[in-house]
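Please open the model in your viewer and keep a selection panel at hand. The tour moves from charged pairs to strands, then to the helix and the whole chain.

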Amino acid sequence: MNLPMRINFEEKDYTYLIITKGITKLTAEIQINLNDREYQLVCNSKGDWDVVDATVNDNPGLLKAIGRNIKLRYRL
């Protein structure tokens with residue numbers, strides 16, 4: 001069972017779940033659940049996490065912030 005993680009972005013609180021199990025420094029893809037939608041975050045060549053197939057309506061800034069949050073949490 002995954003524990004929900006929280007992030008504050010643009011003065012709003014969001015809760016998301018990390019679906020991927022066993023995250024290590026070698027992990028290149030992470031799946032998350034945000035607002036009952038699943039997103040796939042992929043590590044780019046700079047070490048930043050980008051979202052695959054994100055649209056403007058998906059709030060890419062929030063998804064990038066979640067990627068940074070996961071990177072700091074797991075020391076990736």
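Begin with the charged side chains: two salt bridges are counted, a salt bridge being a side-chain nitrogen of Lys or Arg within 4 Å of a carboxyl oxygen of Asp or Glu. This is a predicted model, in which local features need pLDDT of at least 70 and side-chain atom pairs count only at pLDDT 80 or more, while totals for chains, interfaces and linings use all residues. Residues are numbered from 1 along each chain as its sequence is written, and side-chain values use heavy atoms, with hydrogens and water left out.

Select R6 and D13, which form a salt bridge whose closest N and O atoms are 3.3 Å apart. Both R6 and D13 are exposed, where exposed means over 50% relative accessible area, buried under 20%, and partly exposed in between, with a 1.4 Å probe and protein chains only.

Next select D50 and K64, which form a salt bridge with their closest N and O atoms 2.6 Å apart. D50 lies in strand β5 and K64 in helix α1, so this pair ties together parts that are 14 residues apart in sequence; helices (H or I, at least four residues) and strands (E, at least two) are DSSP runs, numbered from the N terminus. D50 counts as partly exposed because its relative accessibility is 28%, and K64, at 34%, counts as partly exposed too.

Now colour the strands. In what order do the five strands of the open sheet lie? The order is β1-β2-β3-β4-β5, with antiparallel pairing, where two strands pair if DSSP finds at least two bridges between them. At the edges are β1 (5–9) and β5 (49–51), each of which pairs on one side only. On average, and with direction ignored, neighbouring strands of this sheet are turned by 40° against each other; axes here are lines fitted to C-alpha atoms, for helices over the stretch in contact, and angles run from 0 to 180 degrees between N-to-C directions.

Select residues 12–18 and 29–34, which are strands β2 and β3; they run antiparallel and are joined by three bridges. Within this pair, Y16 stands opposite L34 in β3, and I18 stands opposite I32 in β3.

Move on to β3 and β4, which also run antiparallel and are joined by six bridges. E29 stands opposite V42 in β4. The two strands form a hairpin with two residues between them, and N35 in the turn has a positive phi of about 55°.

The C-alpha atoms fill a box of roughly 30 × 30 × 20 Å along the principal axes. Of the 76 residues, 30% count as buried.
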